[in-house]
Amino acid sequence: MNRTTLSLLAAATALAALTGVASVTADSGSDADGSTGGKGAPAATRMPVERSGLVCPAPTTSELAETTYTAFTPKGKTAGGTKGTAGLLPAHATSDAEDSAKDDDDKGGDGKGGDGAARPDVLTGDPVVPLKAPGTPATDTTSRSDAPALIGLADGVLAPGWTVQQTTTISAGDGRGLLGTSCVAPGTDFWFPAASTAGDRQDYVHLTNPDSSQAVVDLELYGEDGRLEAPSGESINIPPHSTKPVLLSTLVSKPTINVTLHAAVRSGRVGASVQAVDSNIGSDWLAAAAPPATSAVLPGIPKDATSVRLVAYATGSGDADLKIRLSGPSGPLTPAGHESLTVKSRMTSAVDLGDLTKGEPGSLTLTPQGKSAAPFVAALRITRGEGDKQETAFIPATAPIEDRGTVADNRAKGSTLSLTAPEAAATVRVTSSAGAGGGTPASQEITVKAGTTQALTPPRPSGAKGPYAVTVERLSGGPVHASRLLEEESDGVRMFTVQGLPDDRGLVSVPRGRQDLSMLNDD
């Protein structure tokens with residue numbers, strides 16, 4: 001590979017411009033429900049984005065690990081043209097000691113250090129999984145125990161729907177497991193129900209700053225009685241283009257089994273992911289839950305789950321009284337003895353649902369009970385196996401696919417796609433791309449009945465070599481939520497990980513006659 005330099009300053013500017021495009025719709029006369037309210041505002045049109053940013057956390061410190069990165073952009077839906085670039089470069093690692101030594105106030109606020117070289121406005125290195133064209137994945141592997149976090153940008157035809165999957169296999173030790181995560185778009189607000197500071201858990205939140213200015217983050221922890229005292233979680237500085245892992249148990253004075261973590265960004269942006277390591281039942285990444293809402297869907301509980309724990313947190317001033325429903329292949333049902341859950345305002349509630357699915361795949365739906373509705377966030381901790389063969393993974397509440405969602409790193413064996421339509425029947429198209437080493441894409445249309453979950457093996461690409469991507473497009477009907485389970489066996493342990501497929505945000509609403517995405521082009 002050629003040595004490559006990526007200007008993060010230019011990337012930040014471009015992404016800020018993209019945010020501006022999205023915000024024009026909300027400020028151009030539309031009501032909160034998306035209507036114009038009779039104000040005469042021009043109708044909006046949906047246009048492909050021209051730039052997308054992602055960050056991937058540092059995968060592991062284990063000497064017994066192998067990490068695979070797979071990148072993909074679906075075909076179609078471009079703003080025109082045939083050119084584009086996409087790739088990731090290593091972020092700087094940082095520690096509290098380094099932050100103290102390189103505090104911006106002591107450096108004149110330029111974020112670069114005394115000679116301007118410690119925090120450059122560019123990241124250099126060999127690009128990881130650079131894409132050449134939409135429709136064909138790129139993949140790379142590493143066995144480094146010091147593999148860095150990654151910061152990346154896609155533009156042009158490679159921007160709409162760009163996704164990167166990071167999958168790490170750790171064969172032995174406390175961190176044993178299949179740890180999978182979709183690299184995340186930078187943001188300012190992340191919720192992680194089902195985190196923990198218990199003695200048998202080591203949960204690290206990885207905070208990665210993709211921009212050329214410092215980010216400041218508050219880490220708030222909530223247990224069953226409310227907010228936990230964690231003064232050292234306030235005002236955490238993340239230097240430019242840097243990543244910092246924070247062990248949650250070091251923020252509090254006593255262990256708490258079920259915790260909700262809120263990463264709130266005071267300034268700048270970060271990508272945030274939680275790596276949960278359980279000394280008894282393996283490890284996996286815990287992705288951020290869908291934003292607070294008055295209902296939630298948690299898709300893709302495997303049929304052989306031996307234990308399911310639901311963790312929820314009420315984010316507002318009201319209690320969330322929730323109905324619990326399981327959507328299986330035949331329709332919705334109420335779990336015996338677990339018909340409802342009350343989540344007190346700004347408190348975390350957890351309930352063990354046992355072997356909830358009883359041999360059939362399913363998805364959990366949480367809806368308001370009674371006349372009032374309060375916002376909340378939720379996630380599931382799933383356990384499979386028995387005794388020393390147990391393995392764990394997480395399913396956070398997942399936003400619906402409005403148009404299209406994609407997950408990369410699907411394999412010849414061990415990939416299961418789950419689709420659920422909680423409100424009304426829906427028809428989707430599932431497309432499996434060519435493999436990273438060749439092959440022919442395959443697709444099929446699937447109708448999901450209202451209130452059901454379908455678990456299926458994605459259509460196998462003909463002659464596929466290497467990992468492939470799976471894209472779900474909603475064609476008609478009600479909301480669709482999706483997830484992908486990836487599994488592999490090691491020494492009799494069926495290790496697994498689950499990734500949600502929210503909408504890929506490859507399209508942005510642009511008021512006609514008022515905004516042109518060409519403003520984002522670099523001259």
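1. The count comes to 1 disulfide in this structure, which is a predicted model. The disulfide joins C56 to C183, with an S to S distance of 2.0 Å. Its two ends lie in distant parts of the chain, 127 residues apart. C56 belongs to strand β3 (residues 51-56), while C183 is in the loop between β11 (177-182) and β12 (189-195).

2. On geometry, the link of C56 and C183 is right-handed, with 110 degrees about the S-S bond.

3. Are the two cysteines buried or exposed? C56 has 1% relative accessibility and therefore counts as buried, the cut-off for buried being under 20%. C183, at 7% relative accessibility, counts as buried because its value is also under 20%.

4. For the aromatic rings, the count comes to 2 aromatic pairs. One of them is formed by Y222 and Y313: the ring centres are 4.6 Å apart, and with 40 degrees between the planes the pair is tilted. This pair, too, links distant parts of the chain. Y222 is in strand β14 (residues 215-223) and Y313 in strand β22 (residues 305-314), 91 residues apart.

5. Both Y222 and Y313 are buried. Which residues make up the cluster that ring pairs link? The cluster consists of W191, Y222 and Y313.

6. A contact of another kind involves R384 and F496. The charged end of R384 sits over the ring of F496, at 4.7 Å from the ring centre.

Definitions and conventions. Residues are numbered from 1 along each chain as its sequence is written. This is a predicted model: local features need pLDDT of at least 70, side-chain atom pairs count only at pLDDT 80 or more; totals for chains, interfaces and linings use all residues. Side-chain values use heavy atoms; hydrogens and water are left out. Rings of Phe, Tyr and Trp (its six-membered ring) pair if their centres lie within 6.5 Å; planes under 30 degrees apart count as stacked, over 60 as edge-to-face and the rest as tilted. Helices (H or I, at least four residues) and strands (E, at least two) are DSSP runs, numbered from the N terminus. Buried means under 20% relative accessible area, exposed over 50%, partly exposed in between (1.4 Å probe, protein chains only). A charge sits over a ring if NZ of Lys or CZ of Arg is within 6 Å of the ring centre and within 35 degrees of the ring normal. A disulfide is a pair of cysteine sulfur atoms within 2.5 Å.
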